[in-house]
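Hi everyone, thanks for coming. Please have a look at the slide while I talk you through a few spots I liked.

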Amino acid sequence: MPESMSFSLNQLNLQLLIPMCISLFGGIILLGVGVFNKTKSRDLYITISMLFVVLNLGFLFLEGNPIRQFGFFNLLLVDGISLLTQIIMLLATFVLLLFFMNQNNLPETQGAEFYALLLFSIAGFAFMASSQNLILILLGLETASLCLYALIALHNQKSAFEASIKYFIMGALATTFYAFGAMLLYAATGSVDIISIATFLHQQTYQPSILVFAGFVFLLCALGFKVTLVPFHSWGPDVYEGSNALLAAFIAIVPKIVTFAVIIRIFSVFIDSHSAFVEYTLYAIVVLTMTIPNLIALTQKDVKRMLAYSSISHSGFVLAAVLINTPQSHSVIFFYWFLFLFANIGAFGILWLSVDCKKNYQTQISHPFEKFSGMIKTNPTLAILLTLFMFALAGIPPFCVFWGKMYLMQSAISANYTILALIMAINSIIAGFYYLKLVVYIFAKEPYEIKDSQSSLELSSKFALSITAFVSVACLFMVQNLLEIIEKYILK
């Protein structure tokens, strides 16, 4: 056989597939257990899910190498960005599974298929984050998205069906935009490989054509949908409201950090071209995404919808780091989202723990502000923890999200985006109003019923709340070390 045609299995670098295979195998095991286990045992399903999440995390920590590695005919790209994305995704899933172990009567959480779909979605997101090929990114995205559509519909309520259908239709539209954008880039550059596209666009003799800019616009629309950028955000609050609280937290964190990893890879190529059109377009979307959801959140009467709009605003902050496009700002993306995930999961977790409380208010929404009136009297522990998470999400020092915003503003000022840093500061002040509105209800309003429900919390939920609260407060003492670890992954 000619030397040019020789082939070795070592070239596939199959060990790069192990994290995805662990999640896929875990989902298959769960489906098998669900078929042969005649009595549904939710604790067993959650335990199996947690086992495979921990195995996945252990493999990434023990074998993870931030040095760039290619595999499977260069379709896979595992580097620091991929590893950080998967670690954040798995940490969020682990904490959410701890909350799921608390006794709850929601029917969708009783079957093995719920947790199998969760692991399958993690595998799809892992493929999405670990690729430089636009086609493989699309396949991973669709695999994960189809699982999320089904997970939402399992809630088996009218609002859940509506949310699932809306998410599916908007997702199909986003997929069309993505495929068309990838096609335009292939027509302009002759490749669907991000590195090859970057090499082609950086040729000094080449001037970007209208096809390249059109491809950028279509990809921006598609990926903007996944991270709820304005004006592609309208589906977000409805989907969050139609999902149970913990699934809403998953949607608010995991798909977004994975999509931001893809955005870093793709949009850095366009930003490096120093195109005024690309920079001004991203700048406008950053400002709109930070500001408009903040203003809408001020008028919300449902806590879950308020948190949905706030997560959209946080996406705008993170996109600002993509616009700045320096190694330091890329590090801040993962630093910011790592801190945000604990405060956000903590807040949604308390909504989950309160879902079985007696409802003696007349309303069509599931988590009205009135539900938390006088919570400091009915459940002081959860009241204090929810207040802590509101302070953290608002970016009040010294809680966790404050450090993410501070380093993000510092990166913006260092890159001469002073006005952008000022807009971030203004939006942080606006956000404080609707976060503190819930604190007012907790402490200053009279409760509907004096009843202590602390005894209903199981050990797993107490452990999950302890983790989220600890990181939200104690991050003050690990900020520098955490940044150094993230920079080690990004700068390799």
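Let's start with a question: which residue lies over the face of Tyr441? It's Lys445, at 5.1 Å from the ring centre. Keep in mind that this is a predicted model. There is another case to look at: Lys405 lies over the face of Phe317, and here the distance to the ring centre is 4.7 Å.

Searching the whole structure turns up 27 aromatic pairs. Take Phe216 and Phe277: their ring centres are 6.2 Å apart and their planes sit at 75 degrees, so we call this pair edge-to-face. Phe216 belongs to helix 8 and Phe277 to helix 11, so the pair ties together parts that are 61 residues apart in sequence. Are these two buried or exposed? Phe216 has 0% relative accessibility, so it counts as buried, while Phe277, at 38%, counts as partly exposed.

Next come Phe335 and Tyr407. With centres 5.6 Å apart and planes at 85 degrees, this pair is edge-to-face. It links distant parts of the chain, helix 13 and helix 16, with the two residues 72 apart. Both Phe335 and Tyr407 are buried.

Rings can also gather in a group: Tyr149, Tyr167, Phe168, Phe225 and Trp235 make up one aromatic cluster.

My last stop is Ile46, in helix 2. Its relative accessibility is 0%, so Ile46 counts as buried. What does Ile46 touch, leaving aside neighbours within four places in sequence? Its contacts are Leu97, Phe100, Met101 and Tyr115. And Ala112, 66 residues away in sequence, is 8.5 Å from Ile46, C-alpha to C-alpha.

Methods:
Residues are numbered from 1 along each chain as its sequence is written. This is a predicted model: local features need pLDDT of at least 70, side-chain atom pairs count only at pLDDT 80 or more; totals for chains, interfaces and linings use all residues. Side-chain values use heavy atoms; hydrogens and water are left out. Helices (H or I, at least four residues) and strands (E, at least two) are DSSP runs, numbered from the N terminus. Buried means under 20% relative accessible area, exposed over 50%, partly exposed in between (1.4 Å probe, protein chains only). Contact means heavy atoms within 4.5 Å. Rings of Phe, Tyr and Trp (its six-membered ring) pair if their centres lie within 6.5 Å; planes under 30 degrees apart count as stacked, over 60 as edge-to-face and the rest as tilted. A charge sits over a ring if NZ of Lys or CZ of Arg is within 6 Å of the ring centre and within 35 degrees of the ring normal.
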